[in-house]
Amino acid sequence: MNRNQTARLVLVIILHVVIGFDDKEFEKFRKYSTKTTYENSVAQDEHYYNIAASEMGWNKDGCKPVLVVGLFRHGIRYPGEQDITNIAKVVFKMKVAGVAASQVYPLEVVANKFLMAQAKDLAPNGKRELHDLGKRFGKRVKKILGNAPSSSEFAFFSSSKSRAIGSCESFKTGFINSTGLPFGIGTGIDDHILRFFDDCSKYVVAVSENKSATVEAAKFHDIYLPRINERIAKKLGIHHLDLDKDEVKSLLVIAATEVAVYGTATWAPLLSDEDLELLEYAADIKNYWKKGYGYPINYEPSCTLLRHMLQHLDDYISCRMKKKAVFYFGHTETVIPMLSILGLFNDTEQLMADNYDRQRLRQFRTSRLSPFASNIAFVLSDCSSSESVCSSDLSSADRFSVRLLFKERPLNFPVCGNTDCPYSAVRKQYASRIEACNFSELCWVGDHDEL
């Protein structure tokens with residue numbers, strides 16, 4: 001890098017620190033894997049997948065929405081302790097490598113904003129994300145409420161993590177304000193259904209704590225890491241920089257979180273669009289083999305959550321309990337297995353270290369599947385003009401239709417190839433998952449278990 005190029009990079013970094021990053025249109029389409037903001041992920045859906053950004057309706061023609069059941073990932077959070085530690089190592093390595101102090105200083109200023117005491121806490125912008133989601137969902141639910149709504153018609157569930165609870169409470173505030181409900185609603189804490197991955201011994205042993213389970217991700221690190229180090233070194237005006245895979249990942253996390261939390265982009269210019277594509281694929285491979293379709297044990301235990309969610313639809317149809325809205329708040333480890341057990345975003349070819357070029361148009365892309373505040377919802381509608389009749393025979397409940405929403409927009413059900421399916425068909429499609437959902441048996445660690 002010549003002197004003029006170095007001077008320009010320094011100027012860009014200083015301008016970002018002094019006046020703040022305001023090139024939102026540029027940043028909007030940069031993919032930060034699971035650290036992508038909800039707003040940017042939705043904008044990318046429109047840009048890359050031609051999914052309309054306009055607010056979509058819940059009802060199918062001739063049908064009346066009667067119940068919504070939704071799952072949400074928590075909102076924007078601060079980096080974890082390991083990322084905070086790693087970014088300090090990155091700054092140190094830059095200094096040792098001879099990066100000009102004028103370049104390192106603004107980067108270090110931003111890095112020092114992220115405190116261990118706030119590690120993984122919900123950020124203010126994360127609260128706003130969920131509050132706004134709550135308002136939008138509340139606006140829809142208000143249309144299906146009777147004249148005298150009761151607190152028994154609503155239910156909220158969260159994992160025990162503070163970022164999930166905070167997201168739930170922020171959503172709830174927006175929801176209650178939007179619906180005008182005259183009462184508060186409690187929150188049930190349930191890690192068994194929202195952090196099932198912690199309770200599943202087979203998953204913990206065979207995948208979570210087994211490095212060989214994510215060997216494809218390790219192979220891909222060896223392919224892309226030298227290229228990224230070379231490009232970052234060039235931007236910094238030095239000949240060599242030796243960041244390991246964890247440090248590069250943390251650089252991405254800090255760059256993404258700075259944009260999401262502070263609206264500035266001091267670290268982001270160090271990563272080119274090509275770097276982000278490589279890092280996203282690295283994250284996608286890891287998530288595919290650790291949370292998604294790579295191994296059945298990744299997603300099969302989420303049957304407990306699927307059963308819990310669909311039970312509310314069953315109860316409405318059979319008149320056991322007629323709720324209007326039920327919401328769950330968890331994590332990316334909750335959302336990706338749920339998408340997988342539903343059969344969504346599955347590629348014909350597995351994500352491997354050696355097929356990056358063939359997977360450029362892959363469906364399993366974490367920037368799309370699990371950004372902050374990602375959500376999946378079932379909207380049950382009554383499609384009969386006659387008075388509702390209770391039925392315990394769910395296989396014949398054809399008067400009811402269910403619409404699948406992903407990030408608030410209709411998504412085709414695999415079972416019928418449409419955004420709206422008869423509930424009987426949906427229930428039949430997932431019946432085997434629900435009926436065979438024995439968590440203890442699924443998660444039992446046997447002597448000869450294989451992935």
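**Exercise 1. Which ring does the charged end of K113 sit over in this predicted model?**

Start at K113 and follow the side chain out to its charged end. That end sits over the ring of Y262, 4.6 Å from the ring centre. Now try another case: R368 lies over the face of Y49, and here the distance to the ring centre is 4.0 Å.

**Exercise 2. Work out whether T266 is buried or exposed, and find what its side chain touches.**

First, locate T266: look in the loop between helix 12 (245-262) and helix 13 (273-290). Next, check the accessibility. Buried means under 20%, and T266 has 1% relative accessibility, so it counts as buried. Last, look for a partner: the T266 side chain makes a polar contact with the side chain of E258, at 2.6 Å.

**Exercise 3. Find out which strands are joined to strand 5, and how many of its residues are buried.**

Take one neighbour at a time. Strand 1 (residues 64-73) runs antiparallel to strand 5, with 8 bridges joining them; L71 has I376 as its bridge partner. Strand 6 (residues 400-406) is also antiparallel to strand 5, joined by 7 bridges, and F400 stands opposite D382.

Now the faces. Side chains in a regular strand alternate between the two faces of the sheet. In strand 5, N375, A377, V379 and S381 are on one side, with I376, F378, L380 and D382 on the other, and they are all buried. That gives 8 of 8 residues buried.

Conventions:
Residues are numbered from 1 along each chain as its sequence is written. This is a predicted model: local features need pLDDT of at least 70, side-chain atom pairs count only at pLDDT 80 or more; totals for chains, interfaces and linings use all residues. Side-chain values use heavy atoms; hydrogens and water are left out. Helices (H or I, at least four residues) and strands (E, at least two) are DSSP runs, numbered from the N terminus. Buried means under 20% relative accessible area, exposed over 50%, partly exposed in between (1.4 Å probe, protein chains only). A polar contact is a pair of N or O atoms within 3.5 Å; within protein, one must be able to donate a hydrogen and the other to accept it, and residues adjacent in sequence count only if both atoms are side-chain atoms. Two strands pair if DSSP finds at least two bridges between them. A charge sits over a ring if NZ of Lys or CZ of Arg is within 6 Å of the ring centre and within 35 degrees of the ring normal.
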